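Hi,

Here is the structure I said I would pass on. Have a look at it, and then read on for what turned up.

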Amino acid sequence: MENYLAELINRMNDNSDMPLPAGKSSADTISWKAMREAEKVEDVAYIPPLMAFINMEKDINKRDRAYFILGHIAKNTGDMDAAVFLINRVGKEKQRYVLSSLLDRISNLKKPAGTDLSPLINATGNDAWDIRQSAIKALSLAEGKEAEETLLRIIETSHSEYDLLYANNALSTSGSSNSIPVLMKLLGHKKQDVSGTALYAILKLSGPEMLPLFLEQLEHGRNKFTALYGVIRYGDAKVVPNVVKRVNQLVAKQRAIEAIGTGGKTEIIVALEFLVKYAQEEPSIRKLYELLRHKKYSLLWDSEKKWLADYRKHFE
C-alpha cells in the first residue's frame, strides 16, 4: 500500500520526459498521467499512511502531491477524517504555493455544520493574494453561519474584484437567503465577472419571490444567460413573451462565440426547452420556431440545429 503511494507521488513529480518531443502534448507526460490516476483514488485505507507521510515529509513537492491524493480521496469518498486533517494542516503549512494548492483541494470538500473552519477563516486575511483567494474558495460547501458571515464580511470590505467573485462563488454553496441583499449590491459592479457571479449566487440561494429581479436582469442586465435561468426556473406561461424576446435578440446577428451554460447547453437551447412546454398554446412560440428553422437558421450553432430537428414534432 505505502509502496504504491510512494511510487505514485514519484510519478506525479517525474519530469524526466521533459522537454516534450515534437508532436507530443502535456497529456502524454508521466506526471500528467499520474495526476489523472491520483484524481480517481478512492481507497480510504490510503488515508492513514498519507496523513503520516504528510506529517513527516520535508520535501515540499512530495508533500504537495500527497495533499493532492488525500484531497481527492476525501472528495471521492466523503471521508471527514481526511477533510478535517487537511483543514487542520492549513495552519501548519508555510510554503506559499503548497498552502494555496492545499486550500484549493479543500474547496471541493463538504464541510458539515460543526466543522472547525477557523484555519480557513484565518487564511482569508492573508496578505498573499493567492493564499487569501484560495482560502475564500475553501469556504465553499460549508454548512453553518461561520462561512457565510465571513464571506459576507469579505464582500462588504474588500476592494479586490477577485476576492469578490470568489466570495460570490463560495456563497452560492455556503450561503442562505440572508446573503441576497448583500449580493444584490454587486449587480451593478463595473466588473462583469463580479456582477455575474453575484447574480449566479442569488439564483442558487433564491426562491420564486425573486422572479421580478431575474426578469429585470433579463431585460436590462449584463448577465442575461444567468437571468434566463432564473426566469425559466420560477416563471410559467406568463414569462413566455420575455423568453421569446430574448431568443429574438440572440439571433438578431451572428454571435461571436458559442456560449455554453452550466448544463452544457447554449442559451437558445435553454430557452427553447422552456418554450416547448407551451408551444401548442402560444402562437408566438411556433412563429419563433419557423423563424429559427428558416430565416435565422444560418445563425444557429450545430447543437441548436440538432435540437430543432429533434423537437420538430412538438412545434408543428
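This is a predicted model: local features need pLDDT of at least 70, side-chain atom pairs count only at pLDDT 80 or more; totals for chains, interfaces and linings use all residues.

A quick definition to start: helices here are DSSP runs of H or I with at least four residues, and strands are runs of E with at least two, all numbered from the N terminus. Residue numbers start from 1 along each chain as its sequence is written.

Now the salt bridges, meaning a side-chain nitrogen of Lys or Arg within 4 Å of a carboxyl oxygen of Asp or Glu. In general, side chains of opposite charge can pair when their charged atoms come close. There are 15 salt bridges in the structure.

Let's begin in helix H18. Asp310 and Lys306 form a salt bridge there, with their closest N and O atoms 2.8 Å apart. The two sit four residues apart in helix H18, so about one helical turn separates them. Are they buried or exposed? For the terms, buried is under 20% relative accessible area, exposed is over 50%, and partly exposed is in between (1.4 Å probe, protein chains only). Asp310 is partly exposed at 45%, and Lys306 is exposed at 53%. Elsewhere, salt bridges with shared partners join Glu7, Arg11 and Glu37 into one network.

Helix H18 (residues 302–310) also holds Glu304, whose partner Arg255 lies in the loop between H15 and H16, so this pair ties together parts 49 residues apart in sequence. Glu304 is buried at 1% relative accessibility, and Arg255 is buried at 16%.

Another salt bridge joins the side chains of Glu267 and Arg246 (2.7 Å, N to O). This one links distant parts of the chain, 21 residues apart: Glu267 is in helix H16 (residues 267–275) and Arg246 in helix H15 (residues 240–250). Both residues, Glu267 and Arg246, are buried.

One last stop is Thr115, in the loop between helix H6 (96–106) and helix H7 (118–123). Thr115 is buried, at 13% relative accessible area. Which residues does Thr115 touch, leaving aside those up to four places away in sequence? They are Met80, Ile87 and Glu146, where contact means heavy atoms within 4.5 Å.

Cheers

Note on methods: Side-chain values use heavy atoms; hydrogens and water are left out.
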